There are 4 protein chains.
Amino acid sequence: MKFELGKNKLNGFKVEIPSWGFSDSGTRFHVFHAPGAARNVFERIEDAAQVNKYTGAVSGVAIHIPWDKVEDWKSVKEFAKERDLKIGSVNPNLFQDEDYKFGSLTNSNEKIRQKAIKHVLECIDIMRNTGSKVLSLWLPDGTNYPGQGDFARRHSLLFESLKEIYDALDDDMTLFIEYKFFEPAFYHMDTPDWGTAYALVKDLGEKAKVIIDLGHHAHGTNIEYIVSILSSRGKLGGFHFNSRKYADDDLTVGSMNPYELFLIFVELNKFFDLSKTPPEVALVIDQSMNIKPKIKALIQSIENLQITYLKSLFVDFSSLQECQKANDVIGSEEILKDAFLTDVRPILKEWRSDLGIPLNALEAFEKSGYEEKIAKERG
Amino acid sequence: MKFELGKNKLNGFKVEIPSWGFSDSGTRFHVFHAPGAARNVFERIEDAAQVNKYTGAVSGVAIHIPWDKVEDWKSVKEFAKERDLKIGSVNPNLFQDEDYKFGSLTNSNEKIRQKAIKHVLECIDIMRNTGSKVLSLWLPDGTNYPGQGDFARRHSLLFESLKEIYDALDDDMTLFIEYKFFEPAFYHMDTPDWGTAYALVKDLGEKAKVIIDLGHHAHGTNIEYIVSILSSRGKLGGFHFNSRKYADDDLTVGSMNPYELFLIFVELNKFFDLSKTPPEVALVIDQSMNIKPKIKALIQSIENLQITYLKSLFVDFSSLQECQKANDVIGSEEILKDAFLTDVRPILKEWRSDLGIPLNALEAFEKSGYEEKIAKERG
Amino acid sequence: MKFELGKNKLNGFKVEIPSWGFSDSGTRFHVFHAPGAARNVFERIEDAAQVNKYTGAVSGVAIHIPWDKVEDWKSVKEFAKERDLKIGSVNPNLFQDEDYKFGSLTNSNEKIRQKAIKHVLECIDIMRNTGSKVLSLWLPDGTNYPGQGDFARRHSLLFESLKEIYDALDDDMTLFIEYKFFEPAFYHMDTPDWGTAYALVKDLGEKAKVIIDLGHHAHGTNIEYIVSILSSRGKLGGFHFNSRKYADDDLTVGSMNPYELFLIFVELNKFFDLSKTPPEVALVIDQSMNIKPKIKALIQSIENLQITYLKSLFVDFSSLQECQKANDVIGSEEILKDAFLTDVRPILKEWRSDLGIPLNALEAFEKSGYEEKIAKERG
Amino acid sequence: MKFELGKNKLNGFKVEIPSWGFSDSGTRFHVFHAPGAARNVFERIEDAAQVNKYTGAVSGVAIHIPWDKVEDWKSVKEFAKERDLKIGSVNPNLFQDEDYKFGSLTNSNEKIRQKAIKHVLECIDIMRNTGSKVLSLWLPDGTNYPGQGDFARRHSLLFESLKEIYDALDDDMTLFIEYKFFEPAFYHMDTPDWGTAYALVKDLGEKAKVIIDLGHHAHGTNIEYIVSILSSRGKLGGFHFNSRKYADDDLTVGSMNPYELFLIFVELNKFFDLSKTPPEVALVIDQSMNIKPKIKALIQSIENLQITYLKSLFVDFSSLQECQKANDVIGSEEILKDAFLTDVRPILKEWRSDLGIPLNALEAFEKSGYEEKIAKERG
């Protein structure tokens, strides 16, 4: 029964993947070059289509402006559609301009602040042209030294900027605000935690929600608790999936603590049906695959998510509630562990078989010769 | 000029000290016994009066129920008044009862939850009888294992409980909600961060505010930022002052990173006049002086706070704003450092001299023989 | 094949459990009383025998002096033997005496330091009388404030004390030195990390080794790396198994990040055969089961260890080495994940069936009525 | 007396500054361009001379190979000498080559490992040609995912590589091994902590020592303790000075917790005379001044170090020892605090006046027009 349910749920369980996942990435020390790295939005969509071909679980491609910028957005939308993909969330870039050295949406220089707002408004236009419904805003603003900025003034400027952006949204659009504990700023971030993001989206209105990036927390933070509180307060917008051991390592989702990822899905299942289209909550991968081949890393990541999702469906919620009522700590825990320990890979395999996609996605992709092909073509 | 200002400000700068600071304390491994440890609320107030005698900076004594419980609260109020002290915040105890093993205000057992609420309501009565205006609520509730509790249900029960408590407050009373990252619960806390506390006080209403305990944060957390955001949103109620290097170590305030404490005062000065009576924001010491003699440790703590406050008054805010406008990072920082590097102890000394209290408080107290006296009397 | 191997390996895979695991425990805020908590070493061994009855995987009972102290150690040894148990490691207590407020083996007061040494030497005598071969030394010494102690002097005193202890060991005895990041000391610990412990055991000689307690590390620490380096340098003595999310939470082993525990076993398998008797490396549970029933918590813990051990046996090391040689990052990772995702519970079940112990240990124990019996008997 | 002593000590207190401190730097998100950033080793030495001109406290310039590589090293040495500077430590680069994607000195590909060794040996040659006596080795090697590498094998390869390097050192040369908690690798680092570095230098021999970078530790780590233990064991080589709030933020030394820096100097004074030439322990600044003007940031950093050093000289060690002996925790702490609270800037000013350098270094440098000059000249 769970087996069939699992397969049915997988049909609708779709993940958004990031266009920037197909380009070279690295650390401040070095960016390693991957042969065949995509050079423009079309190549990125092409690569995304490969991920979908071998997983059947890609809903769309998140784009980053200006990295993916083109003149003719219709052609991009069309290009994606031909490959059964949508343009997902639109991600403004507020960190790669010399002007933003001391802030973008919080900059006390009015000209620069307006420039930042204008850039985000342009992204809303791109949403209209691509059919995207989510503006996903990560604010890198912050300061590196005590005294450098006035927290409260910056907070107030931030709200003003966000208000202008929020008011420009169409009715069916959503603004996601992403928080991050630190980096690129090293003394304070203007949206360092879910509390700040929550306070802002609460003040902004219904179309504003919080997006959780799994790598953006202090050590020890109980992320599944944040998932629960934001969800129960109607303010969880979605996820940037990745993993970390130290800071914002942007490693493959599920690679460091798969049980934590499982617990996050357990919480999500209480509030959302993750197999619905359009999604009730955005599931976006955001990783920096510095030393892994990009396409394979994304195939692997999606499998990690599918496996974790399937495991989470095995939680017997009614027994769990009974155990909780009885304060049976061990019993409650064992119910979760029972689901987590279940090997759900046979379900995934059968679902793949039903769908006519290769049973072993990584192997099949490797044998397809696509990597060699793009390495040659893209130089 | 700053010298005179400093002295004037010191006149009104008053700190609340905790009655529980005069009792034995320790870790889960051992509670070391201090000779002369106070055994009841009267002895605690007596000791607090000693701290005031040598510092001139104690506003009142925070009490903890049931540790300080007596039948005749009027006599306590009177006893304090005779020693120029007030009864400060009233702190309910929701952690030392077998019934609270699985939660107090969040307990799914309605009887236990009502018992916890009733205890807090009793504390409000004690406030009426002692003239206290602040109900300072620290919630130890949480779970130790995944599955043990339902986060959202507990959050909803918590709000219900708080609403009942809030509604029982007199108009001139304030409810402080304290958050804590972890301990005594080790998987999740029901109010783990300022975000949760803020969401709750925001929903409760104007009489509810957040209290910041300096030791209740994840590593790396920028506390002065939280001070600023809560203050600018009208939701900062006060502080539990202490210090930490690792977890909630409850060490002497200012003993681990005095610069961080200074930066907190710099933020506070932007929103509050800390020398006003009644205080615009509550300044309460909350430490666990396991291996230091209690009274001396509190004298030392108050001096740390006075010195830090004085330093913060030396910040040249108008120059700072100019530097900030010019994005002069080094200039801004140097203004803060200039204040921090200033040796303000001569101001403190002169102020003491004016007041007729000993110049060297620790030494004078030591010589007074009070410690020996209580060691003998209290056994 | 792996299935059979797994069963065979389980035969020899034995875990030591702590006598103190059967007594009441808690945090500095409260110690919750568990009905039926064991009151002396005999009751603790009796409870340990229950854990063994339902898991078949208990090698012995670690004892703590003076908590387990009796006059007639032979009777304890005999009592254990009758229940198929050995007396495992002997653990001195250097933290529960007023004299140790400022240090035990590092105390600058020579009398107190000698008292501490003498206590440890007495533990060596107890080892002789009980047949224990491991002296497991956790040093709680440290300071709470800068200036309180002289690090180097304390380090030198520590080595002197350890030398005296080391020299008193019989040839077939081993001294384990345990490190801990913090608590009960909050500014510095005298053995805060594996580096200090390693430097000490290296200087002491072959009979001294390091024991790793999983909860005694800074956030982010890669424990499996420490396992590897200590093992390859011949200095890993054993483990104190537990789990943590925040500090030294002493939660059930495997409850917070089972993948990390798996990776530790993967490392261990490279250096040791964990199914051998006597063990090449000590596997000891050390938990503080504040809110879980003690015996059940230990049964659960042993199952967690057995399951993790079984999973680790599924790692295909020769393929792994090939992938590593080829720098196939994804391939290498998938080999580990493949093992981790395998549901090994059928092996455990069949092994139990072969052994004639109940398939569902927790359930069988619960139904046995033992908990009710001791609750009544022990009051 | 302390005043005069302070001035005398300042005469010999010299800091090494990094050539790479004068080039553009940033995060993985963006490298902000500073006008006038030095483009080669000569411009870097020129800038370093400016820092020395305004501080009188620069001993030499640490160089980084290949960033500073030239054909004619004699000319570099001469160029520095004409500006009263020496070539300080030589720093090999093992992270900016595609070949090192999976390791340098630990690479299982023998060709790449030999290439890395050869690069370091070339650095030893450069030491001979420039008169440098310190080879300062930071190893970026590590892995990003479980399974990617074999810890023990890598550790063994690392030792082999280091042995080859160590054996190539002249008798008056020292090899520093630097450890780092994480980054650029995100799962494990091959030298993550002082313990690993200590084990390696201990095995290598007398010419090998550990260098401490202040930003390379887990949260909560007591660095002054590491200073003490390494010093008392004769294995502390020196420092990379900087500051951090979160990860390896590479902020201005002393900017986040000046008290911690002070405590480090207090430890150092117990083992070394920091005013001696040649230095007994290397004091090198290593910062990433992303948003501060480079030369001013280094002037500021040196002032921070001078002020902290001066404060540390005010510690009354004989009183401290007495307090420690008496277990007077508060007394001991107050002795440290008394030194820390002392405003030593008048000493620095008078010393500057005696030396004929500007009293306000930052201001004087700003007015000198040097920044504008290089901005114009270097484009």
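Which residue of chain D comes closest to the rotation axis? Keep that question in mind; the tour reaches the axis after a look at one chain.

**Before you click**

This is a predicted model: local features need pLDDT of at least 70, side-chain atom pairs count only at pLDDT 80 or more, and totals for chains, interfaces and linings use all residues. Residues are numbered from 1 along each chain as its sequence is written, while chains are lettered from A and ligands numbered from 1 in the order in which they are written.

Colour chain A by pLDDT, the predictor's confidence in each residue, from 0 to 100. Chain A averages 97, and 100% of the residues score at least 70. For the complex, the predictor gives an ipTM of 0.97 and a pTM of 0.98.

**Stop 1: chain A alone**

Hide the other chains. Switch to cartoon view. Chain A has 14 helices and twelve strands. Here helices (H or I, at least four residues) and strands (E, at least two) are DSSP runs, numbered from the N terminus. The radius of gyration of chain A, taken over C-alpha atoms, is 21 Å. The globule rule (2.2 Å times the number of residues to the power 0.38) gives 21 Å for 379 residues, so chain A is as compact as a globular protein of that length. Along its principal axes, the C-alpha trace spans about 60 × 60 × 40 Å.

Now look inside. Buried residues make up 62% of the 379 residues in chain A. A residue is buried if 20 or more other C-beta atoms lie within 10 Å of its own, exposed if 12 or fewer, and partly exposed in between; C-beta atoms are placed from the backbone. Two residues are in contact if these C-beta atoms lie within 7 Å. Of the contacts in chain A with a separation of 6 or more, 77% are between residues 24 or more positions apart.

**Stop 2: helix H8 of chain A**

Select residues 258–271 of chain A, which form helix H8. The expected span of a helix is 1.5 Å times one less than its number of residues.

**Stop 3: chain B on chain A**

Show chains A and B. Copies are superposed by least squares on the C-alpha atoms of residues with pLDDT of at least 70 in both. Chain B can be laid on chain A with an RMSD of 0.0 Å, by a turn of 180° and a shift of 0.0 Å along the axis. That is the relation of a two-fold axis. In chain B, the C-alpha of B:Gly195 is nearest the axis, 1.8 Å from it.

Next, select the contact: 44 residues from chain B and 43 residues from chain A. Helices of chain B that each supply at least two residues include H5 (151–167) and H6 (194–204). By class, the chain B side has 20 nonpolar, 18 polar and six charged residues. Ala, Val, Leu, Ile, Met, Phe, Trp, Tyr, Cys and Pro count as nonpolar, Asp, Glu, Lys and Arg as charged, and the others, Gly among them, as polar.

**Stop 4: chain D and the opening question**

Chain D is laid on chain A by a turn of 180° and a shift of 0.0 Å along the axis, with an RMSD of 0.0 Å. Select D:Arg28: its C-alpha is 2.1 Å from the rotation axis, the closest in chain D. Of the contact residues of chain D, 100% recur in chain A.

In this pair, 28 residues of chain D are in contact with 28 residues of chain A. The chain D side has 13 nonpolar, nine polar and six charged residues.

**Stop 5: helix H6 of chain D**

Select residues 194–204 of chain D, helix H6. Eight of its eleven residues are buried, including D:Trp194 and D:Tyr198. Their cover includes helices H6 (194–204) and H7 (223–232) of chain C. Just after H6(D), D:Gly205 takes a positive phi of about 135°.

**Last stop: C:Arg345**

C:Arg345 lies in helix H12 (residues 345–355) of chain C. This residue is partly exposed, with 17 other C-beta atoms within 10 Å. Leaving aside neighbours within four places in sequence, C:Arg345 is in contact with A:Leu341 and C:Ile307.
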